[in-house]
Amino acid sequence: FLFTVKPFLNQEEYQRTEDIVKKFENGIGKELHQKLLERAKTRRNWLEDWWLNVAYLDLRIATQIHCNMGGPGPFIEHCWPAKEGTQIERASINLWHTLKFWDLLRAEKVAIERSRDDVLDMNQFRMLFCTCKIPGVTRDSISSYFKTETEGECPSHLIVLCRGRVFAFDTIHEGNMVTPPEIFRQLTYIQKRCHSEPDGPGLAALTSNERTKWAELREYLIDLDPKNLTLLEKIQRSLFVVCLDDSSPHATPEDYTEVTRLGLTGDPTVRWGDKSYNSIFFSNGTCSAFCDHSPFDAMALISMLAYAEKKILENEGKWKGSDKVRDIPWPEELVFTVDQKIISEIGRTKELYYEKVSDLQLVNYAFTSFGKALIRKKKLHPDTFVQLALQLGYYKCHGRPGCCYETAMTRRFYHGRTETVRSCTMEAVEWCKSMLDPSSSTYERLQLMHKAFAKHNKMRKDCENGKGFDRHLLGLLLIAQEQGLPVPELYVDNAFTASGGGGNFVLSTSLTGYTRLTGSALPMVQHGYGFFYSIRDDRILVACSSWKSCPETDAEVLCRTVFQCFQDMLQLTVAAQL
């Protein structure tokens, strides 16, 4: 912990923090750690329920805007370039492959993932389907209705949102899954009705409220008519939500900005923000995923989306099976009982939502000069390469180091989720300074860069193996709070917050893997950035976001600067070989 606060403090402040840490380590910290060990004796994962509550369910802000994650489908790069009139056809094929994944999951046939030789925990995959967050007045809850075949019956219906209306249809008919032509028939029926009749009330927009407000409105809806509860439960239990969105976002393989922005912050009446998976299909045949973050982290979602993409590619984006359409029941509309209060609340919610999301600046660009292949050839770790480029880019833009949260995956452990890699190390800062110091030689810069790489690689490894400290510090704080003990001085020390503690990281970052799938979430703090990236053989895709209302942050400038830093870092390694 001490090493990670150093970049943000002067000598005097550091001295003070060092004393606080020593005192904590030898005093109350020791005591709290013993209490934590006691807790760990009675649970297979001492952090699991705490993390869910603190990181997600206790939040009272509008989580749909601030916490949800999403990303664009990569199909424009191969089988499905943007084209009007393809929305329903492509949706049918895409949905069918996703349903096949659900089938595999129920049969417990999804391959267990590994990292090097370690088996990874697969529990999060259960939450991809039939899972929904339920708003509570002080704390939300998660309901998951997914069951494997051996566990029993699992809901099998989909919810479709279109023009403010809500429909449902079952994906199993007489024991067999519906085919793409049958899904096409169902979606066409819904779309034709919605386009020829008045719009619905757009009840889904209510999920974008602050949590307590949404919880109260949900209670009000249920009191208004008990039938509303049955309908809400039908949405909660559904496999996932299909969103037919009338927008046509522009997208190219080098610039996904618009489709990513609309995926995350598009029309709130056709997103159910609490659902663990919303599959969004735009009118020009582009698509996006949009998810509540509380039940799983991005990699589970990416595994499912990568499976569907692989299958779609194998079949060249076409359906090659039978065109026979059985006589299946038409979709049913879920018609909620609403009154004037609910209608005006929906209007107010939409206004607030659009006001908030119009403040978002987001870019999603591809850096195409090189990618993983060349970085590896230089014997550098691709993820660390991007993290250090981001440190340098932030330093160039802001003239100071930026405290940074990088997600490390802890799925080597039972129900493990994440640990924080604090990328802004003293080694990274020393290297950044050398890069901006004209009197620094290429040799010095290279030496410092290799030191920064080594430090980051070790930290990531430690975090993945349960040797990080952010979750441990959180545990010590929570056990103190649970036992009614005063908050230890360490947590109120300026250094704790300045270095990102308590969710104050200026850079919120994640590698979304080495596939064509990329995703994004929004900045953690008002004066911060979201910075998410996927690394391919020949390119690096970056989704960078900030708030326009913060005068000193600019997502576009940071992204472009980081792209320049990629080049500068490569130049260093080239110059070194000369």
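Before looking anything up, I noted that helices (H or I, at least four residues) and strands (E, at least two) are DSSP runs, numbered from the N terminus. I am working on a predicted model, in which local features need pLDDT of at least 70 and side-chain atom pairs count only at pLDDT 80 or more, while totals for chains, interfaces and linings use all residues. Residues are numbered from 1 along each chain as its sequence is written, and side-chain values use heavy atoms, with hydrogens and water left out.

I looked up Arg163 and placed it in the loop between β6 (157-162) and β7 (165-170). Its phi is near 45°, a positive value in a residue other than glycine. Arg163 is partly exposed, with a relative accessible area of 27%; for this I used the limits of under 20% for buried, over 50% for exposed and partly exposed in between, with a 1.4 Å probe and protein chains only.

I then turned to Lys379, which is not a glycine but has a positive phi of about 60°. Lys379 sits in the loop between α13 (372-377) and α14, and I recorded Lys379 as exposed because its relative accessibility is 75%.

**Entry: Gly393**

I found Gly393 in helix α14 (residues 382-398), where Gly393 is buried, with a relative accessible area of 0%. Which residues does Gly393 contact, leaving aside its neighbours within four places in sequence? I listed Leu558, Thr561, Val562 and Cys565, taking contact to mean heavy atoms within 4.5 Å. I also checked Gly393 against Glu149, and these two are 244 residues apart in sequence and 50 Å apart in space, C-alpha to C-alpha.

**Entry: the second largest pocket**

I noted a volume of about 630 Å³ for the second largest pocket. A pocket here is an open set of points on a 1 Å grid over the protein atoms alone, where a 1.4 Å probe fits, with protein on both sides within 12 Å along at least five of seven lines, and lining residues have an atom within 4 Å of a point. The volume is the space filled by probe spheres set on the points, which are joined across faces, edges and corners.

I counted 27 lining residues, of which Asn45, Leu47, His415, Gly416 and Arg417 lie nearest the centre of the pocket. The elements giving two or more residues to this lining are α4 (48-57), β16 (418-422) and α17 (470-482), and α4 gives the most, with three residues.

Why do I place this pocket between domain 1 (1-41 + 368-576) and domain 2 (53-359)? Both domains give residues to its lining, so the pocket lies between them; the domain bounds come from an automatic or database domain assignment.
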